[in-house]
Amino acid sequence: MTILIADDAAFMRMRLRKLLEEAGHDVIEAANGREAVAKYQEHRPHAVLMDITMPELDGVAATREICQSDPTARVIMVSALGQQAMIVAAIQAGAKDFVVKPYEPERILQAIDKWARVG
Amino acid sequence: MNQELLVVRIGPYFFGAPVLAVAEILQLSDVTRIPRVPPQVAGIAVVRGLPLMVMTLSPALGLPAERMEFVLRWAGDRNTALVHVDEVVGLVQVDHPLPKDSWATLVPPAAANWVVDVYRWHDEWLWAWPEDLPQRLAAELTGGLKPGGSGWAAAPMAQGG
Amino acid sequence: MRFDEIRWDSEEERALFLEEAFELLGTLEEGALKTPPPIEAMFRAAHTLKGSGGMLGLTEWVERAHRLEDAIDRRGRPDWQWTPELQQLVLETVDALRAELSGAPADDRTALVRFDLRWSASCPMPGVRALQAYNAVSAAIPGTMSDPPVDRLGDWHGEVSVLWVPSVADVEEQVQALLAVVDDLVEVKRVDRALEAPHLTESPTDESQRPDRRDATLRISADTLEAIMEGIGELLLDHGQLEHRLGHALDSATRSVFEHMRRRALDLQDLTLRARMLPLDTLFRQYPRAVHDIARKLNKKIELKTQGGDTELDRVVMDRLHEPLLHLLRNACDHGIESPEERIQLGKPETGTVRLTAYAAQGHVHIQLEDDGRGIDWQKLRDKAEREGWMSHDEAERAREEELQDLLFRPGVSTRDQVTDLSGRGVGLDVVRAFLDEIHGAISVESRWGQGTTFHIELPMTMAIVTALIVEAGPWTVGFPIATVERIESVSVAGVKSALGHDAVSDRNTPLPVFSLTELLDPDQPHEDHYVVRVKDGRTQAALTVGEVTGQQEIVIKPVEGLTGLTPWLSGVALLGDGRLALVVDVRRLVPVTRSEGEALREDDVILLGSNQMELLVFRLNGDQRYGINVYKTREVLPATTVTRVAGQHPWLDGVVYVRGQALPVINLYRALDLDPQADSAPLLMVAEFNQTVQAFGVYEVEQMVRVGWDAVETLPDLMEGHNRFVTGLINHPTLGTIQLLDFEALLAAVAPPAPEAEPQLPPLGPEVTVWLADDSAVARQQVEKALASLGVTMRTFRDGTELLAAVRGEGARPDVVVLDVEMPKLDGYSVARQLKESAETAAIPIILHTSLSGKWQASRAQEIDADAVITKFDPGLLAATVVRLVAARPLSAVS
């Protein structure tokens, strides 16, 4: 499946890419919320791994835009501890689930398997 | 470089605080002095029912400790630092800060920490404060920097005119 | 109008209404099912429901609530009775109102079904999960409601949330199926009315422990409280302005109303601040369960003990504390506590203990998390520091725990190499510290390799209410927490005398130092003292003279931001009723003398032991040269009394004095040190005890006590050695100049040589056994060598601890036993012992601390201070026997 990773930290994107590619997925990257929305429109990935704090447009706002334009979008938030209020906002904006950082690799893969849109 | 400064007077000197850094100007009726603190700590004032530390630059400037009437409450990051001033003059637009080498030697080492620019304003020298003045003052308190004695007295005023 | 037709000003309003409504409906429902029913509470609930509904214009709602209210109003009706019909009315009303909340049409009266969702205690964001659950169910079954309401879930960290689901066909199966998709859900339970409905967000605890906040409580959001606080603050500010402008013009009557107004506002503010405080139990309650879950997952046995849960903390701070604490708990269970098998092997109890303690002190709330697990491998951390270039090799070696712990809080640091399921890579202490920095808290850690780790969190205390004694000292008003005040007397009565060179009053025959409070605060401040206040806080005891005593009052102590580091003696300030600002002092940090005479030493001393520091009593013999003796060796200082010469005594002895029936030899230091003797004999006698003997020394003046580090002691240059063989070392004190440390053992040995060693009836151990000794006194080294000579062991001696450590580390040699003197320059015996025990490679080497300090308390401290045995000098038989014992006890696999 094609997965979009949105995170402003290049290191995080690299690790996630490695993890996903090893599991057989294709990966697209975005370094901020605005880019994430744009790349989503362009590529229509099966799922999005969205960081919360990003410049330009944060994860919650980006999620909202993506889910409004495509109600079938599957966005999974990736966040640090202590951001429960923001995750709740993200879910109200359309996100489906969340994974906590530092993440266990299996959790990310499980979340994708569970939620990613098929087809 | 255009800037808006809140001009205040401490003794015979004029300072400018970056307008956005000052949360409010307060008129205090009472500052309780506390013992065993460095001279930069004037004491404690109660504002809105809560006790806050009042810092004063007077000792560093060689000025006698006087009645504290006005303080500036600095904005930003929960730091409710209060800086004492003698008088609040008003808002002033400034530009063309003087080149640093022209005034760098006039500033005593301790004050060097709190002056980032100097402007000429109505026949007076206007010494501009940095946005993080309270943090620098606090660092002085713990870092052991001793405020200078009376280095200020003559120089800039004498040159002015 | 009906509930779903309302146009709300804000989501907040709606959430608040829902929250309150749920609670009140719950009260009515549960009440109706109890025998006897709590009619007052139910009446109030119905009344409030009516009122709130009325404000929103919910016509049908108000009608129902009103009917109910009337029915259960028994005021003025002596014949009122609780009947099954009444119960039915209550329940039907509750169902109808709930149904209205869920948006069901007016004629649909079916009750909603309640489902209790229990979330895993180790789930970090239960609020999100509850939201996901609500989303999942309400998408399929419209009209579903969540309690807590959806808008509250952002801040929610509870364990059980509730879904109210319209009663459709097969509702239970449907709900279970819909919720399958949500993680961290431990249990979904349908709760029907007939059953005893469990309480929301509560886990089983002892009800009696919780403070009584249940009666007549109202829910209020933290934001509202904040707004109230701000409003009152502005009010006070305006008051201040007015006062400034009108102050002089006011007549006394108006002035007093003015003051009154200010007092009222301040009281309101304090009340509001108070309302924000919640007991820490609110958090702690959840943890035993969380630990249980984690332990089960890890196949370990772990027990959580909590204490001090009644300590109160600002609710906002507490909210943010939950996650970091949970994180630390997880770490303790995951990395700290060993598996049951490992623990048994180590001789520990199979079940690991994690202890969570809270208490308030000095303007902070302290929380301690202690585990009895494997502890932190400091040596590994040192190695890592070197490898990563954070420290040079030397720095890393000499670094103490306090310096090393900063490294633990760097991102990416882990002293465990395994990755476990729960905590990722053990990363995260940096996150915890970042959290605490944000709320102006702090965290530190202590750890003993093999014994466990303790995290210590300090949180700012918004305020504390105490009763205090208010006094005047010079221009200042000072407050003492009443618990520290022992007695108040007028100066004339107290009888201030002179002893130890200071003013003193007598306290059960021991002198208690007297200080003028004003002078302590500012030595240049003129003052007139009329009263003496005796204070005591832990070991600190003193008598303070003050100007006036105002009296006792209840005050609210507020810490002053920015000042806490600068003025550790100030706990905070309090605004008194008359407008004055009282400085509330911390007695322990204010009073300079820390030792009260003749008492057993308590916890404070442990800080000294092992911190490479000691307290010196400084005295003078003649002229300006100062000398120092370890405070713990000195028993007391007395004015000189009659000395009786004894025939044939050593030329350095003056004779014998009788102190409380005991005969003590008096050693004349002037002769011993070859100094000019005083014309008259010395005015003071210093009584000292060590090496299990007591003796007295005549001195000219006893000045004060100073704390010095052993690393500041310089050994004498070699040239001088022959001349001053009784001087162990020198300290260059910043204000007192050079202080000479006397080698009292050598003095004693010269005056009264130790009894010949009894021949120990011990089997020789042979030269394969190596014993290393570190002692700065040549005499002591000789004595130990002689004592162990009959054992035939190979001995190696060092002049100080650093040389011994260098040999251990540099050569990789492992002695069989190490004997350490305690008082040595550069690194004291405790520090050496600690370093040996901290490192896994040397931790197994038995250590004997050979000390000249009085043995009364040493034995109990031995375990805490890492030694295997503590022996007081000088008992050669005991020393030899202990060496034999320790060698015999070593496991066979130990490296020799």
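Me: Chain B to start with. How many helices and strands does chain B have?
Reply: Four helices and ten strands. Bear in mind that this is a predicted model.

Me: What order do the elements of chain B run in from the N terminus?
Reply: β-β-β-β-β-β-β-β-α-α-β-β-α-α.

Me: And how many of the residues in chain B are buried, as a percentage?
Reply: Buried residues are 35% of the 161 in that chain. As for contacts in chain B between residues at least 6 apart in sequence, 60% join residues at least 24 apart.

Me: What's the mean pLDDT of chain B?
Reply: The mean is 78, with 82% of the residues of chain B at 70 or more. Over residues 144–161 of chain B the pLDDT is below 50, and that stretch has 26 contacts in the model beyond near neighbours in sequence.

Me: OK, on to where chains B and C touch. How many residues does each chain put into the contact?
Reply: Chain C puts in 26 residues and chain B 21.

Me: Which element gives the most on the chain C side?
Reply: H7(C), with nine residues. Helix H7 (222–246), helix H8 (252–275), strand S21 (570–575) and strand S22 (581–585) of chain C each supply at least two residues there.

Me: What's that side like by class?
Reply: The side of chain C that touches chain B has 13 nonpolar, eight polar and five charged residues.

Me: Switching to the core. Which residues have the most contacts inside the largest nonpolar core?
Reply: B:Val54, C:Val291 and C:Leu329, in a core of 123 residues. H11(C) gives the most to this core, with eight residues. There's also a second, separate core of 87 residues, which includes A:Ile3, A:Val48, A:Phe98 and C:Ala65.

Me: What does C:Leu329 touch?
Reply: Leaving out residues up to four places away in sequence, C:Leu329 touches C:Tyr287, C:Ala290, C:Val291, C:Val354 and C:Leu369.

Me: How do H10 and H11 of chain C cross?
Reply: The axes of H10 (residues 287–298) and H11 (residues 315–336) of chain C come within 10 Å and cross at roughly 35 degrees. The crossing of H10(C) and H11(C) is right-handed.

Me: Which residues make that contact?
Reply: From H10(C), C:Tyr287, C:Ala290, C:Val291, C:Ile294, C:Ala295 and C:Leu298. H11(C) brings C:Leu326, C:Leu329, C:Arg330, C:Cys333 and C:Asp334. By class, the contact of H10(C) with H11(C) has nine nonpolar, no polar and two charged residues.

Note on methods:
Residues are numbered from 1 along each chain as its sequence is written. Chains are lettered from A and ligands numbered from 1 in the order in which they are written. This is a predicted model: local features need pLDDT of at least 70, side-chain atom pairs count only at pLDDT 80 or more; totals for chains, interfaces and linings use all residues. pLDDT is the predictor's confidence in each residue, from 0 to 100. Two residues are in contact if their C-beta atoms, placed from the backbone, lie within 7 Å. Axes are lines fitted to C-alpha atoms, for helices over the stretch in contact, and angles run from 0 to 180 degrees between N-to-C directions. A crossing is left-handed if the near helix is turned anticlockwise from the far one by less than a right angle, and right-handed if clockwise. Ala, Val, Leu, Ile, Met, Phe, Trp, Tyr, Cys and Pro count as nonpolar, Asp, Glu, Lys and Arg as charged, and the others, Gly among them, as polar. A nonpolar core is a set of buried Ala, Val, Leu, Ile, Met, Phe, Trp, Tyr and Cys residues joined through C-beta atoms within 7 Å. A residue is buried if 20 or more other C-beta atoms lie within 10 Å of its own, exposed if 12 or fewer, and partly exposed in between; C-beta atoms are placed from the backbone.
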